[in-house]
Amino acid sequence: MSAETRQPVLLKKYKVSPYLIPKTKLRFELGERSTEVQSILSLQKNPHAEDGLLRLHGEGVELLELKLNGSALSEADYQKDKEFLTITNFPDEGELSIRTRIQPQDNTTLEGLYKSNQLFCTQCEAEGFRHITYFLDRPDVLSRYTTTIVADQQNYPTLLSNGNPIDSGTMSDGRHYVTWEDPFPKPSYLFALVAGTLDCLEDSYQTVSGKRVALRIYTEHGYKEQCHHAMDSLKKAMRWDEERFGLEYDLDNYMIVAVQDFNFGAMENKGLNIFNARYILSRFDTATDEDFENIESVVAHEYFHNYTGNRVTCRDWFQLSLKEGLTVFRDQEFTSDLNSRPVKRIQDIRFLRDYQFPEDAGPTAHPVRPESFLEINNFYTVTVYEKGSELIRMLQTLIGREAFTLGVQHYLKKHDGQAATVENFLEAIAESSKTDLKPFRAWYSQAGTPRVCVRSEYSAKNQEYELHFEQSYPQLSVAGERCAVPIPIQIGLLNEGGESISSTETELFLLQKPKDSLILYGISERPIPSLLRQFSAPVCLEYEYSPEELALLYQRDSDEFNRWDAGQRLATMVIQQGLESLQQGQSPTEPTLLLESFASILRLGHSDLSFLSQLLTLPSEGYLSAHFKPISPNQLREVLWGLYDALSDQLRVIWKQKYQEIVQPPAESLTAEAIGKRRFRNLCLSYLGRNEETLGEELAFQQFEQSQNMTEAVGALNVLTHQSGPLRSQALGSFYQRWQEDALVLDKWFRIQAASRRENVLDDVENLMKHEKFSYRTPNRVRALVGGFSQGNFLRFHHEDGRGYQWLATQIQELDNSNPQVAARLLTPLVRWQQFAEPFQSKMYQALKQIFNTSELSKDVFEIVSKSLGESP
């Protein structure tokens with residue numbers, strides 16, 4: 001990269017576009033060797049702009065023809081470089097005709113127009129449209145699109161784009177065309193095109209006003225019957241959005257296309273969503289319960305974008321969380337309303353703590369609304385999405401669910417058809433709810449996870465219980481002053497029997513100052529506080545619980561989230577004590593209290609077996625690594641695996657009893673009861689599989705052989721993959737023989753092996769990379785194998801010899817040449833190198849330097865590596 005291309009984009013330098021494009025006409029002539037794109041842009045000067053120069057974005061496109069109001073422009077009338085087409089002396093209004101040529105079949109970055117197998121498809125968010133033609137490729141330029149697609153009729157019988165079809169026909173040379181018109185203005189990142197031979201699952205939905213909407217899910221031949229769950233999920237999402245937010249779908253058609261090669265999960269293009277096939281295709285013998293849940297969630301997420309993202313979009317990419325954080329919140333609420341709210345909340349916060357908290361504590365930490373970027377693709381992060389969602393949830397907690405719903409409706413009505421900012425959103429919520437939300441803005445501008453330290457005092461004489469709160473931000477490697485933020489803290493009080501003793505089940509306290517206190521009256525006995533119920537704010541809350549208090553909360557707290565959290569805290573305390581023992585040259589002591597708590601919870605059970613499974617799952621390596629610094633993976637491995645072994649050995653009889661007493665539910669049932677039974681049964685099997693005896697291995701192989709759906713099969717393989725006996729090879733071989741032609745199922749086969757605890761797992765991974773079914777050109781396969789080891793196998797990836805680091809650096813260098821977005825996302829395990837103990841730290845640093853010193857490094861990878869090394873531009 002040259003120095004000129006390394007200049008960051010700054011929020012404070014935002015300026016409105018000099019020109020607007022009210023109407024856009026596109027004509028694609030798709031070909032096997034090249035594609036020609038004809039664009040006719042109706043341009044007019046923006047009355048709010050200071051700069052009148054017209055600079056169109058364009059990268060990797062060949063300019064064939066340029067006309068202004070029908071007259072050809074000479075090379076003297078414009079300047080062209082690798083990123084822009086600049087036209088001098090452009091009039092206040094004019095029609096610009098541009099003809100370009102591109103090669104979609106050679107596009108390995110999967111940005112713009114590319115080919116996935118035999119399909120033409122697009123991915124234009126964030127800045128992909130500039131790889132198709134010259135345009136004002138920015139989210140604040142909204143245009144009404146009319147798109148004509150021309151292609152060979154035999155090879156590409158289906159031609160799709162945004163909006164509604166208004167014309168079609170055949171041509172004398174064997175080609176045909178379809179013209180689509182989108183009546184709603186949209187930014188270029190929401191443009192979509194798909195062409196190919198596709199099967200289609202058709203259905204319809206009647207909106208609340210009685211309008212009939214045609215629903216279509218397109219997929220490659222042979223997969224149509226795997227789209228029914230996605231279709232059902234779409235209709236549920238449409239109904240939920242009407243009932244919860246009063247939002248009715250606004251087009252005559254809603255289309256989804258599933259493709260195999262896709263950098264993201266899915267894309268909310270107006271009226272024509274394009275999905276990674278893994279979030280559409282499902283059948284009980286090919287998809288796990290988790291897959292079914294993810295499909296329901298992602299389909300809903302992209303549908304909800306129709307208003308929060310499409311009808312009201314973001315002014316610039318710094319406002320990305322305005323659409324993503326809000327829509328993640330909406331899809332989380334949707335899933336919670338349809339399924340188990342406590343389980344969903346635990347899943348979401350486990351993910352937040354495992355990935356977003358470490359990001360907030362590392363060199364790539366950034367605010368929910370960043371202030372600068374080098375490559376916008378790097379900011380599709382857990383901070384922007386998941387932490388952004390938590391900010392939205394706090395707003396709802398502060399003003400109430402009904403007021404929040406009305407506030408969102410007011411925001412959407414006020415800014416319909418506009419490109420908005422975070423301030424626009426907060427002002428609309430404040431106007432509707434008559435609440436001062438100015439202090440809340442700091443949440444969007446400050447990086448890092450706030451810490452809230454709490455201490456308590458009890459006066460038996462006065463029957464008063466006082467809680468003292470203090471908020472602070474930890475020292476970060478990123479610059480910036482931080483001020484106090486409003487933090488809603490939900491509180492409950494329990495007695496020694498685990499019963500509530502406060503006048504209300506849950507008290508809401510708003511911590512707005514650096515220090516503050518809360519006094520609760522009429523408390524007749526010293527309570528045990530249940531703090532931050534439902535995880536009411538994305539903070540690290542510190543309170544000096546005794547092990548016995550945590551055990552009580554773990555077994556008795558009426559707040560399901562805090563009950564789970566108490567178990568995580570108790571297990572973390574046990575692991576911390578084990579690490580301290582190792583550092584003192586002693587062996588960890590037996591975790592008696594945790595063992596007793598596990599045994600008690602197992603014996604008592606719970607009506608929701610999915611919740612019970614969460615209660616009995618230990619903290620992840622990612623969560624634990626954020627607690628103990630410097631991080632020593634070998635010591636963490638010894639203590640954590642020792643704890644798993646103790647829970648397996650000491651409770652072996654009850655694990656086996658619970659495993660065997662659960663009657664297998666119907667194989668094709670997705671009820672909460674059926675999912676819970678399968679989930680809990682697999683959890684029991686995972687603990688039994690850690691035992692030195694062969695019982696767990698034999699049970700796992702038996703379950704694999706008798707499995708009637710993918711959840712049971714994968715649950716068994718997740719145990720067998722860690723073994724070294726012949727049953728492992730037999731099961732993996734059988735699985736491959738059955739599913740070798742199903743790409744999505746085969747991804748599971750690669751990922752399961754990459755996650756093995758076996759000492760030689762990296763050798764296995766390197767051999768799998770030579771497998772005929774592995775390809776760098778397939779993002780799902782790369783994520784399954786390379787990501788499955790580097791991001792899904794923490795304690796084997798982080799080995800003292802540093803071999804895993806060097807291996808990952810090589811993979812990133814290889815991928816950066818073809819798909820920088822995927823390469824950049826693989827860097828995550830290396831960026832917190834300074835928080836690791838030696839020799840891990842030095843070896844991670846060497847791997848990062850190896851990548852940094854690569855010639856012609858992409859902006860995607862360069863930005864993350866340079867920040868990690870402290871060498872940012």
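In this predicted model, helix α11 covers residues 592-604. The buried residues in α11 are Leu594, Leu595, Ser597, Phe598, Ala599, Ile601 and Leu602. An α-helix has 3.6 residues a turn, so residues three or four places apart point the same way. The cover over the buried residues of α11 includes α9 (547-556), α10 (560-583), α12 (609-615), α14 (633-650), α15 (652-661) and α16 (672-688). After α11 comes Gly605, which has a positive phi near 70°.

Buried in α24 are Gly804, Tyr805, Trp807, Leu808, Ala809, Gln811, Ile812, Leu815 and Asp816. Among the elements that cover the buried residues of α24 are α21 (761-768), α22 (779-790), α23 (794-797), α25 (820-825), α26 (840-852) and α27 (859-869).

**Sheets**

Eight strands make up an open sheet with mixed pairing, in the order β6-β5-β9-β3-β2-β12-β15-β14. At its edges stand β6 (71-72) and β14 (164-170); each has a single partner strand, so one side of each is left without a neighbour in the sheet.

Within this order, β5 (residues 62-68) pairs with β9 (residues 93-102) in the antiparallel sense over six bridges, and Glu65 stands opposite Arg99 in β9. Strands β3 and β9 also run antiparallel, joined by ten bridges; here Ser42 has Glu95 in β9 as its bridge partner. Strand β2 (residues 19-29) pairs with β3 (residues 35-45) over nine bridges, again in the antiparallel sense. Leu20 has Gln44 in β3 as its bridge partner, and a hairpin of five residues joins β2 to β3. In a regular strand the side chains alternate between the two faces of the sheet.

Another open sheet has five strands in the order β17-β18-β19-β21-β20, with mixed pairing. Its edge strands, β17 (199-206) and β20 (266-267), each pair on one side only. Strands β18 (residues 212-219) and β19 (residues 253-259) pair in the parallel sense over five bridges, with Ala214 opposite Asn253 in β19. Helix α1 (residues 228-245) packs on this sheet and touches β17, β18 and β19; the directions of α1 and β17 make an angle of about 25°.

| Strand pair | Sense | Bridges |
|---|---|---|
| β5 and β9 | antiparallel | six |
| β2 and β3 | antiparallel | nine |
| β3 and β9 | antiparallel | ten |
| β18 and β19 | parallel | five |

**Nonpolar cores**

Which residues touch the most other members of the largest nonpolar core? Of its 207 residues, they are Ile280, Phe469, Phe598, Leu616, Leu618 and Leu830. Helix α10 gives the most to this core, with ten residues. Another core, of 74 residues, lies apart from it and has among its members Tyr19, Leu68, Ala192 and Phe379.

Phe598 is one of the buried residues of α11. Phe469, leaving out residues up to four places away in sequence, touches Val452, Cys453, Val454, Ile489, Ile491, Phe509, Leu511, Pro514, Lys515, Asp516 and Leu518.

**Cysteines**

**A loop proline**

Pro439 sits in the loop between α7 (422-433) and α8 (442-445). Is Pro439 buried or partly exposed? With a relative accessible area of 41%, Pro439 is partly exposed, because that class lies between the 20% and 50% limits. Pro439 and Arg353 are 86 residues apart in sequence, and their C-alpha atoms are 25 Å apart in space.

Conventions
Residues are numbered from 1 along each chain as its sequence is written. This is a predicted model: local features need pLDDT of at least 70, side-chain atom pairs count only at pLDDT 80 or more; totals for chains, interfaces and linings use all residues. Side-chain values use heavy atoms; hydrogens and water are left out. Helices (H or I, at least four residues) and strands (E, at least two) are DSSP runs, numbered from the N terminus. The expected span of a helix is 1.5 Å times one less than its number of residues. Buried means under 20% relative accessible area, exposed over 50%, partly exposed in between (1.4 Å probe, protein chains only). Contact means heavy atoms within 4.5 Å. Two strands pair if DSSP finds at least two bridges between them. A nonpolar core is a set of buried Ala, Val, Leu, Ile, Met, Phe, Trp, Tyr and Cys residues joined through side-chain atoms within 4.5 Å. Axes are lines fitted to C-alpha atoms, for helices over the stretch in contact, and angles run from 0 to 180 degrees between N-to-C directions.
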